[in-house]
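Here's a protein chain to explore together. Take a look at the sequence and the 3D picture, and then we'll walk through them step by step.

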Amino acid sequence: ELAATLAPPTHRLADRPVPPDTAYQLVHDELLLDGNARLNLATFVTTWMEPQAARLMADCAEKNMIDKDEYPQTAALEQRCVSILAHLWHAPVADDAVGCSTTGSSEAGMLGGMALKRRWMQRNPDAWRQGRRPNLVMGANVQVCWEKFCNYWEVEPRLVPMEGDRYHLDAASAVERCDEDTIGVVAVLGSTFDGSYEPVAAIAGALDDLQARTGIDVPIHVDGASGAMIAPFLDPDLAWDFRLPRVASINTSGHKYGLVYPGVGWIVWRSHEALPEELVFTVNYLGGNMPTFSLNFSRPGAEVVAQYYLFLRLGFEGYVGVQRASREIAQDLAGRIEGLGPFRLLSRGDELPVFAFTTTPEVTAYNVFDVSRRLRERGWLVPAYTFPADREDLSVLRVVIRNGFTEDLAGLLVADLQRLLPELGAQPGPLQAPAEATAFHH
């Protein structure tokens, strides 16, 4: 009864406290207006975990990850996870892996970028003292964290635009933009725009040739936010990781295809030499000395514990099974959507379990933004957005298949889409222009 008459504070604290059940009910009811996370086909972030994992996270909710002296076993589990990832990615000395957990791939990527910049400064001390500006080469399809890195750390971003049916970075375009001030090339294993892998091995080969011709040595950082937890299990013969000597570091999101609730990321360097020692701080904190390399300090330990739980729970074969199921559902769903007629696939879910599609040229009554809006009426969150330079003319819908999205849900999505098509086809024309659409940034 109290909850029904109480107005929750929006700008300043109320004068008096309220009972815990009342506070819970008020917040709970407001959250009903959020979208349903399980029907969110926009996000790469995990939306389902086993109840045992969720319970384990609740057991660790109060643990501050940075207090390694107070929570030594949580710290040990973190190091085990780093070592497991180093083995998975074929690091030369995996048992003595160099890496850490982070709040997500954005922080991990920035740590990788910082190491690349510092290594360039060490190689080119005169250039740095003369004020020459370092640069970083990457495709225009990179996640926004890389543009943030370049802005925050005063690095020139050299973005390779899309061209025609090439929706990500290719080897020739990467090498064209490299010079003696290039700190590295970012290769993305799984573009967020269409789910495709960038050709890491081809880029590495082209950079090997560049070094042979010019002496310019450019390392690679692999942004494996999603693909670094897909390729080892489903594409074991694909050379993209530390098997390529030019790959200096790799990041991934534990909270994407690592299958953990947000937020946790990981970064691993191929060796101690790839991470300049002066970037690692030794901190005397709460009675103990500890090395730390991060942008953040205090953060929860629960996600790290959950990551270790999943490594223990699934093992290699378990991850193969989960990721294969997601890819098979993605490929099947892509084929069924293509079979409806009005849509053209740009990718088919055969790399990341992700695919993008657009309307065929014959469709004039509606566009992808209309489709996204109508699907939302049924609870489906399917993003529509334009591609980056130089393909801003291309607008697509994207579907991300994650653990917990079943064949049954895929069938319901197709049925809803099929039901909407006649209504959309009866429109006099598109109701929403691309410029008016809400963009998805993940």
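Predicted model: local features only at pLDDT ≥ 70, side-chain atom pairs only at ≥ 80, totals over all residues.

What follows is a short tour, from the whole chain down to single residues.

## Before we start

Residues are numbered from 1 along each chain as its sequence is written, and side-chain values use heavy atoms, with hydrogens and water left out.

## The whole chain

Let's zoom out. The chain has 13 helices and 13 strands. Both kinds of element are DSSP runs numbered from the N terminus: helices are H or I with at least four residues, and strands are E with at least two.

How does the radius of gyration agree with that of a compact globule? For 442 residues such a globule would be near 22 Å, and the chain has 23 Å, so the two agree. (The radius is taken over C-alpha atoms, and the globule rule is 2.2 Å times the number of residues to the power 0.38.)

Of the 442 residues, 55% are buried. Here, buried means under 20% relative accessible area, exposed means over 50%, and partly exposed is in between, using a 1.4 Å probe and protein chains only. The accessible surface comes to about 20,200 Å², with 53% of it belonging to carbon and sulfur atoms; these areas come from the Shrake-Rupley method with a 1.4 Å probe, and for residues only the protein chains shown count as cover. Now look at contacts, meaning heavy atoms within 4.5 Å. Among those between residues at least 6 apart in sequence, 70% join residues at least 24 apart.

Strands of a sheet pair through backbone hydrogen bonds, either parallel or antiparallel. In this chain, seven strands form an open sheet in the order E1-E7-E6-E5-E4-E2-E3, with mixed pairing. At the edges sit E1 (98-102) and E3 (156-160), each pairing on one side only. From one strand to the next, the twist averages 20°. Two strands count as paired if DSSP finds at least two bridges between them.

Which way do E2 and E3 run? They are parallel, with five bridges joining E2 (residues 135-139) to E3, and Gly139 stands opposite Val160 in E3. Helix H7 (residues 144-152) packs on the sheet, touching E2, E3, E4 (182-188), E5 (220-223) and E6 (247-253). The direction of H7 makes about 165° with that of E2; axes are lines fitted to C-alpha atoms, for helices over the stretch in contact, and angles run from 0 to 180 degrees between N-to-C directions.

## Around strand E7

Strand E7 (265-269) has helix H4 (residues 72-88) lying across it and E1, with H4 running at about 60° to E7. E1 and E7 are antiparallel and joined by five bridges: Ser101 has Trp266 as its bridge partner, while Cys100 has Ile267. E6 also pairs with E7 in the antiparallel sense, over five bridges, and there Ser253 is partnered with Gly265.

How many residues of E7 are buried? Five of the five are, so E7 is largely enclosed by the rest of the structure. Gly265, Ile267 and Trp269 cover one side, and Trp266 and Val268 the other, and all are buried. E1 is mostly covered, with four of its five residues buried.

## Cysteines

A disulfide is a pair of cysteine sulfur atoms within 2.5 Å, and by this rule the count is zero. For Cys81, the nearest cysteine sulfur is that of Cys60, 12 Å away. Cys81 is buried, with a relative accessible area of 0%. Cys100 is in no disulfide either; the nearest cysteine sulfur, that of Cys81, is 12 Å away. Cys100 is buried too, at 12%.

Thr359 lies in E11 (residues 354-359), and its relative accessibility of 16% makes it count as buried. Leaving aside neighbours within four places in sequence, Thr359 is in contact with Pro342, Phe343, Tyr366, Asn367 and Val368.

Is Val354 buried or exposed? It is buried, with a relative accessible area of 1%. Not counting residues up to four places away in sequence, Val354 touches several residues, among them Phe44, Asp194, Tyr257 and Arg398.
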